[in-house]
Amino acid sequence: MPRPLCSDVMLALCRSMLRPHTGRALFCAVQHSSATYLQSFILHNTEVVTDHLTPEIRLHLLTPRCKYWHLRPEHWPYAEPYWAIYWPGGQALARYLLDNPDVVRRRSLLDLGSGCGAVSIAAKMKGASRVVANDIDPVAGAALSLNCQLNGIEDFPFNPENMIGGETGCWDLIVLGDMFYDEELSHSLHHWLRRCMEQHGTVVLIGDPGRGHFLGHPIQKQLRKVAEYSLTDSTKQENYGLSTSAVWKYEPEWHDLHTIM
Ligand SMILES: C[S@@+](CC[C@H](N)C(=O)[O-])C[C@H]1O[C@@H](n2cnc3c(N)ncnc32)[C@H](O)[C@@H]1O
């Protein structure tokens, strides 16, 4: 019996197998797809969803009522559609920004691994001065644009480069939802985030529902939980075993900034 696309996606994440996509594979998938085609594909194969922690943000997502939810993954013409799911870490982070607008108002913000773009959209709604969404899946950029339209938000920049490990850039705030799913990625993130703090005093907020790679990572010692939310029933059903999601602030001691390996 074929395994539906979406359960494969969930399984992949639960097994911590989500790997950064290779730029080349994505380039091949996307080069034949104009932005208009991509957007029309997304519109036809997702539905508008509000059954999550931020119902004031409407999102085009993949649900059990969409055709590709039930098809085998190889039928999906692009890289795994992580942007088509609103992950619990992103949900908690967006909820936190909506409820605490002073955290983002008049601040510049980078949403790393932006997926569907909900966290960036929350920041825009609450008056961030500059928002950039970054995701190595360029299809996420098309989804972001549609989700902005859906919420009456003007388009803002989307960056499809892998920024982790590169120049840090001067951001007031970096936010990451559900990005600690893989050991290697978590390690690079830890180092890069530390450099962002050292060089620019950037505030770092992480949304995570308590995944193994996150809870077991050394960064835990330098985090302070600032909020925790109960997930909606539908998010619980899609993320078997999870019931809450939290937001953490990265607060390394000055001493720690110079000693992590
Ligand atoms: C689990 S999803 C989370 C999406 C979104 N933050 C949320 O919480 O709904 C992880 C996202 O990170 C992206 N990603 C993976 N490696 C990345 C990297 N090195 N730089 C930027 N994005 C990356 C994936 O394409 C995917 O969209």
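The model is predicted: local features need pLDDT of at least 70, side-chain atom pairs count only at pLDDT 80 or more, and totals for chains, interfaces and linings use all residues. Residues are numbered from 1 along each chain as its sequence is written.

**Exercise 1.** Find the strands that pair with β9 and state how they run.

Solution. Helices (H or I, at least four residues) and strands (E, at least two) are DSSP runs, numbered from the N terminus. Pairing requires at least two DSSP bridges between two strands.
- Start with β7 (residues 203–208): four bridges join β7 to β9, antiparallel. D208 stands opposite A246 in β9.
- Go on to β8 (residues 223–230): seven bridges join β8 to β9, also antiparallel. Here Y229 faces S245 of β9.

**Exercise 2.** Is β9 mostly covered or mostly uncovered?

Solution. Count other C-beta atoms, placed from the backbone, within 10 Å of each residue's own: 20 or more is buried, 12 or fewer exposed, in between partly exposed. In β9 (residues 244–250), five of seven residues are buried, so defined. The strand is mostly covered.

**Exercise 3.** Describe the packing of α5 (residues 88–99) on α6 (residues 118–125).

- The axes come within 8 Å and cross at roughly 0°.
- Angles under 35 degrees count as roughly parallel, and α5 and α6 are therefore roughly parallel.
- Contact means C-beta atoms, placed from the backbone, within 7 Å. Among the contact residues are L93 and L97 of α5 and A122 of α6.

How values were computed
Axes are lines fitted to C-alpha atoms, for helices over the stretch in contact, and angles run from 0 to 180 degrees between N-to-C directions. Angles under 35 degrees count as roughly parallel, over 145 as roughly antiparallel, 65 to 115 as roughly perpendicular and the rest as oblique. Two residues are in contact if their C-beta atoms, placed from the backbone, lie within 7 Å.
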